[in-house]
Amino acid sequence: SAAIRGNIGIFPLTSFELLTKLSKDKEDTVRQKVACNTNAPEKILLKLAKDKSMFVRSNIAGNSSATENVLELLSMDEDPFVRSSVAYNENTSVRLIEKLSSDDDTSIRLAVTKHANASKEVLKALSQDEQGTVRKSVALNPNLCNQIRAKILHSLETEQCLKICETIRQNQDTYPAGSLEAFLTLDEISIHEELTRSNPRGASWADEQGGSAASSRLLDKLSN
């Protein structure tokens, strides 16, 4: 049955000869299993990288054993889900991550912002992305310098800024020394929040009272 063939296809000790045969199986589900096999040789993965099934190709893109040649081929795939899988693969190189950072699909650029191999140059470019979700994700990348992070935070609503600050504070061990320093004191941003909650006129009234300026003063600390 297809289920049995699929189990054989994903089994790490399956022989090259049998994997080759299963990579040609008529059932997509079987080829998908072969695509997930971390011991599948490059020759088989390269062939399956051109499979008609998007699910087969995306499984290869997420395979931790996929080589640079395989991932590069899939980084040019017509389906954005496949390219996104390449961007999420932990073994995708700095070079391919840089290439994917200019992809037209927002979900792929978003995946790039979360990758450990996203360089400072790539993050700087994405910090000016037209999509706010991408810019916010960049702000959470530990590889980003504090100056660029400050510019992103300046462009966000207070609530969004607070969420990013809190996330960094809770995961401070993953960020470079000094990243948390300006986030430890959120009193100035809290002023804006408190003024907003305590007055029926809301955020506009809080801004008139200097809450927005207080938020900016805190964020300015990051730029220095």
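This is a predicted model: local features need pLDDT of at least 70, side-chain atom pairs count only at pLDDT 80 or more; totals for chains, interfaces and linings use all residues.
Is the crossing of helix 1 and helix 3 left-handed or right-handed? It is right-handed. Left-handed would have the near helix turned anticlockwise from the far one by less than a right angle; clockwise makes it right-handed.

Some ground rules. Residues are numbered from 1 along each chain as its sequence is written, and side-chain values use heavy atoms, with hydrogens and water left out. Helices are DSSP runs (H or I, at least four residues), numbered from the N terminus.

Back to that pair. The axes of helix 1 and helix 3 come within 7 Å and cross at roughly 15°. That makes the two helices roughly parallel, the label for angles under 35 degrees. Axes here are lines fitted to C-alpha atoms over the stretch in contact, and angles run from 0 to 180 degrees between N-to-C directions. Helix 1 brings Ala 2, Arg 5, Gly 6, Gly 9 and Ile 10; helix 3 brings Thr 29, Val 30, Lys 33, Val 34 and Cys 36. Contact means heavy atoms within 4.5 Å. By class, that contact has five nonpolar, three polar and two charged residues. Ala, Val, Leu, Ile, Met, Phe, Trp, Tyr, Cys and Pro count as nonpolar, Asp, Glu, Lys and Arg as charged, and the others, Gly among them, as polar.

Now helix 3 itself, residues 28–36. Which of its residues are buried? Val 30, Arg 31, Val 34 and Ala 35. They sit on the same side of helix 3, because they cover an arc of only 145° around the axis. The arc is taken from the directions from the helix axis to the C-beta atoms. Buried means under 20% relative accessible area, with a 1.4 Å probe and protein chains only. These residues pack against helix 1, helix 2, helix 4 and helix 5.

Thr 106, Arg 109, Leu 110 and Thr 113 of helix 9 meet Thr 133, Val 134, Ser 137 and Val 138 of helix 11.

Last, two single residues. His 115 lies in the loop between helix 9 and helix 10. At 5% relative accessibility, His 115 is buried. Ile 152, in helix 12, is buried at 2%. Beyond four places in sequence, Ile 152 touches Ser 127, Arg 135, Val 138, Ala 139 and Leu 144.

Technical notes. Buried means under 20% relative accessible area, exposed over 50%, partly exposed in between (1.4 Å probe, protein chains only). Angles under 35 degrees count as roughly parallel, over 145 as roughly antiparallel, 65 to 115 as roughly perpendicular and the rest as oblique.
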